[in-house]
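This briefing concerns the structure displayed below and is arranged by topic. Please read each point alongside the coordinates.

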Amino acid sequence: MATTWTLRSAVPGDANRLAVLAAQVWTHTYCKQGINQDIAAYVLNSLTPAAFLAMLQQPQLRLTVVEQDGFLLAYAVMDTASCASLDATEREPSTYGVELATLYVQSHAAGQGIGSALLHHAEQLAASQQARLWLKVNAQNDRAIRFYEQHAYQRLGDWYFELGEGRYLNYLMGQ
């Protein structure tokens, strides 16, 4: 079956769609118990068109979208200035110089190779900077962890996402 979607750099005109896609995927993935005040505040303050416009202005960030017939299906954010802090490992943190900060695919578009294409794109960006790609994934997101493991990523350490009073374990992963 031929691929009918395209991968391209995000532009300012994508900001509204990126905000909606981000809120949809983020809440679907992480709000298994529902929406509390901390979650609502995070989504309404962090996953906004203005936040995406600001990201597009930061030279160290690369935003890539996947589009089909004018509809965004997925996006990735790569941070070329981020370096992993890898506790208690023998790996050299400086070799992990590009972070895959976000890789979101709408659930109805899963299984079409979109996530793999975005991951490969991010790996190519890291390689072009003589660095390796690293990422953080929620420790309870089994589907994402399996996806990265299938692409030869392994757990390198831990990091906590703090939201209000809560601390949520994330795994640092890399190849």
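Thr80 counts as buried because its relative accessibility is 17%, and buried means under 20%. The model under discussion is predicted.

**Thr80 and its surroundings**

- Thr80 is located in the loop between E3 and E4.
- Apart from neighbours within four places in sequence, the contacts of Thr80 are Gln60, Arg62, Gly97, Val98, Leu125 and Gln129.

**Nonpolar cores**

- The largest nonpolar core has 27 residues, and those touching the most other members are Leu100, Ile114, Leu133, Val137 and Tyr148.
- Two or more residues of this core are supplied by each of strand E3 (71-79), strand E4 (98-105), helix H4 (114-128), strand E5 (133-138), helix H5 (142-150) and strand E7 (166-174).
- H4 provides the largest share of this core, namely six residues.
- As a general matter, nonpolar side chains in soluble globular proteins tend to be buried together.

**Tyr148 within the largest core**

- Tyr148 is one of the residues that touch the most other members of the largest core, and with a relative accessibility of 7% it counts as buried.
- When neighbours within four places in sequence are set aside, Tyr148 is in contact with Leu100, Leu103, Leu119, Leu135, Val137, Tyr153 and Met173.
- Of these contacts, Leu100 and Val137 are also listed with Tyr148 as touching the most other core members.

**Crossing of H1 and H3**

- Two packed helices are described by the angle between their axes and the distance between the axes.
- For helix H1 (residues 15-30) and helix H3 (residues 49-56), the axes come within 8 Å and the crossing angle is roughly 115 degrees.
- The handedness of the H1 and H3 crossing is right-handed.
- On the H1 side the contact involves Ala15, Asn16, Leu18, Ala19 and Ala22, and on the H3 side Pro49, Phe52 and Leu53.
- By class, the residues in the contact of H1 with H3 are seven nonpolar, one polar and no charged.

**Aromatic pairs**

- A pair of aromatic rings is described by the distance of the centres and the angle of the planes.
- Eight aromatic pairs are found in a search of the whole structure.
- One of them joins Trp26 and Tyr42 in a tilted arrangement, with 4.8 Å from centre to centre and 35 degrees between the planes.
- Trp26 counts as buried, at 6% relative accessibility, whereas Tyr42 counts as partly exposed, at 21%.
- The ring centres of Phe147 and Tyr148 are 5.1 Å apart and the planes stand at 70 degrees, so this pair is edge-to-face.
- Trp26, Tyr30, Tyr42, Trp159 and Phe161 are linked into a cluster by ring pairs.

**Ala23 in helix H1**

- Ala23 lies in helix H1 and counts as buried, at 17% relative accessibility.
- Not counting residues up to four places away in sequence, Ala23 touches Val43 and Leu47.
- The separation of Ala23 and His121 is 98 residues in sequence and 23 Å in space, taken from C-alpha to C-alpha.

**Gln68 in strand E2**

- Gln68 has its place in strand E2 (residues 61-68) and is partly exposed, its relative accessible area being 21%.
- With residues up to four places away in sequence not counted, Gln68 touches Thr4, Trp5 and Leu73.
- From C-alpha to C-alpha, Gln68 and Leu156 are 35 Å apart in space, and they are 88 residues apart in sequence.

**Non-glycine residues with positive phi**

- Asp69 is not a glycine, yet its phi is positive, at about 50 degrees.
- Asp69 is found in the loop between E2 and E3, where it counts as exposed at 70% relative accessibility.
- Gln130, which is not a glycine, also has a positive phi, of about 55 degrees.
- The loop between H4 and E5 holds Gln130, and this residue is exposed, with a relative accessible area of 73%.

Conventions: Residues are numbered from 1 along each chain as its sequence is written. This is a predicted model: local features need pLDDT of at least 70, side-chain atom pairs count only at pLDDT 80 or more; totals for chains, interfaces and linings use all residues. Side-chain values use heavy atoms; hydrogens and water are left out. A nonpolar core is a set of buried Ala, Val, Leu, Ile, Met, Phe, Trp, Tyr and Cys residues joined through side-chain atoms within 4.5 Å. Buried means under 20% relative accessible area, exposed over 50%, partly exposed in between (1.4 Å probe, protein chains only). Helices (H or I, at least four residues) and strands (E, at least two) are DSSP runs, numbered from the N terminus. Contact means heavy atoms within 4.5 Å. Axes are lines fitted to C-alpha atoms, for helices over the stretch in contact, and angles run from 0 to 180 degrees between N-to-C directions. A crossing is left-handed if the near helix is turned anticlockwise from the far one by less than a right angle, and right-handed if clockwise. Ala, Val, Leu, Ile, Met, Phe, Trp, Tyr, Cys and Pro count as nonpolar, Asp, Glu, Lys and Arg as charged, and the others, Gly among them, as polar. Rings of Phe, Tyr and Trp (its six-membered ring) pair if their centres lie within 6.5 Å; planes under 30 degrees apart count as stacked, over 60 as edge-to-face and the rest as tilted.
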